[in-house]
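Hi,

Here is the structure I promised to pass on. Have a look, and my notes follow below.

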Amino acid sequence: MIKIVHISDSHLGYRTRRGTTNKWAIQNYSKPYEQEIYDLFIEVMEDISKIKDLDFLIHCGDMFHNPSLFSSYPPPEPARRTFKEGLDIFFNNTKNQTPFIYIEGNHGVFRGYEYTPFESHIQKEEYPNLYYFKERDLTNAIKNNQPLKLEFPPKKVRFYLFPFFEFKNFETYEAEYDKWVELQRPNNNDDFINIAVAHGSIADRTLHTKVNSDDFGYDYVALGHEHGLRKVSKNHYYSGSLLPMNFKEAYEKQGYLKVEIDNKILNIEEVSTSELLKRTFKIIPIDASPQHTSADLEALIRNELKPFISADGFNPKTAARLKFNFKGEITFKKNWQINDLMTKIRSESFSQSDKYNILQIIWKIFDRSEDAENDISAGLIQDYILEHPDEEFKAFVKEKLTEDKSQFDVDKLTQFGMKALKKALKFMEKEKEV
């Protein structure tokens, strides 16, 4: 029998970007949610290193969050320190007897470089039982027509490695990759346990169909890239990330897997880490009725914020991450109204650290017509906005000036506003949640 821990997608150095407060958990070191990921990583490495008779630790990629395809920044210094501290804890507690096997993901990689941040902050000779495999190792294996595998004959275990590689995006490599994958077909004529370690997903075409299927007959397939802990097939598993990165992942399971293989029989134990999250991570639906005035909407929003008003004020370890989803018949006026309200409320909550225990507030506005089956209805609001933005904006300005009891030239303000609006609309759809 062999005992393995399967972990992935640590994303050390991940920082919430949109709608977050500037309060730091540790001054000039890390931000609140970033620090929580560091703390949990160390806790997990400590726990894993104390598992009795552990044979292997497998990490399926994305140790760091940066660099990535859209960010050339290296991992922040706290991320690299945490990584090294985690390695030291693991190898010290296991007396350097347990191999740690890592494959490169799509995060934490300088594309085209000979080295990665994974290896730039450590001395490999300090960790004789650390094995890591980069995209460069994969492309060299393809060029040399050789498998990419790692064998441990005393334990009769063989690992087949699939670091992240967007082979579908490289025309010269796609056919070669298809042929090379056949070299990763295990030899089932011996009594070795065969394990595939891969970073990718069928959803974005970064996991080869033969690796995703049961065709190769691997005894276990350890997967990384998708952040939810789940079973894909009889022996294919994603271990997920340690904590949710964003609101898309708030309702998924996170953690790692303890895997035992005894006489080709799998026994899987899920270890949840998302349950250790001490902060509220909540999506709040708001019905944005056309009849709602600004005051009505503000009352609804503030009612939802009441649970996060605390006598103790802001606490970086428990401060909530909140996303408001506004849904209704959204005219341009209603859209502007919501954005104006939420900007004001977010600014207020972040400026009163003695009152609100909130780390992040973001929002998204859904027009109910987008859900309609009629193809025409989905574009009605957009068409209206394009035809009548000046009228909508003028009505909005009048409403705001009436509330403020101010005296301004409404026509001139509308003219300025329309110029700003035309510029802003170019970017509204580009801002995506990370």
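Is F324 buried or exposed? F324 is buried, at a relative accessible area of 0% (buried means under 20% relative accessible area, exposed over 50%, partly exposed in between, with a 1.4 Å probe and protein chains only).

Before the rest, some ground rules. This is a predicted model, where local features need pLDDT of at least 70, side-chain atom pairs count only at pLDDT 80 or more, and totals for chains, interfaces and linings use all residues. Residues are numbered from 1 along each chain as its sequence is written, and side-chain values use heavy atoms, with hydrogens and water left out.

Overall, the chain has eleven helices and 15 strands (DSSP runs numbered from the N terminus: H or I of at least four residues for helices, E of at least two for strands). Of its 434 residues, 51% count as buried.

Now the rings. The whole structure holds 20 aromatic pairs (Phe, Tyr or the six-membered ring of Trp, centres within 6.5 Å; planes under 30 degrees apart are stacked, over 60 edge-to-face, the rest tilted). F165 and Y177 make a tilted one, 6.1 Å centre to centre with 40° between the planes. F165 sits in the loop between β6 (157-162) and α5 (171-181) and Y177 in helix α5, so this pair ties together parts twelve residues apart in sequence. F165 is buried at 3%, and Y177 is buried at 3%. As for F324, its ring centre is 6.2 Å from that of F326 and the planes are at 20°, so that pair is stacked. F326 is buried too, at 0% relative accessibility.

Ring pairs also link Y14, Y33, F247 and F281 into a cluster.

Cheers
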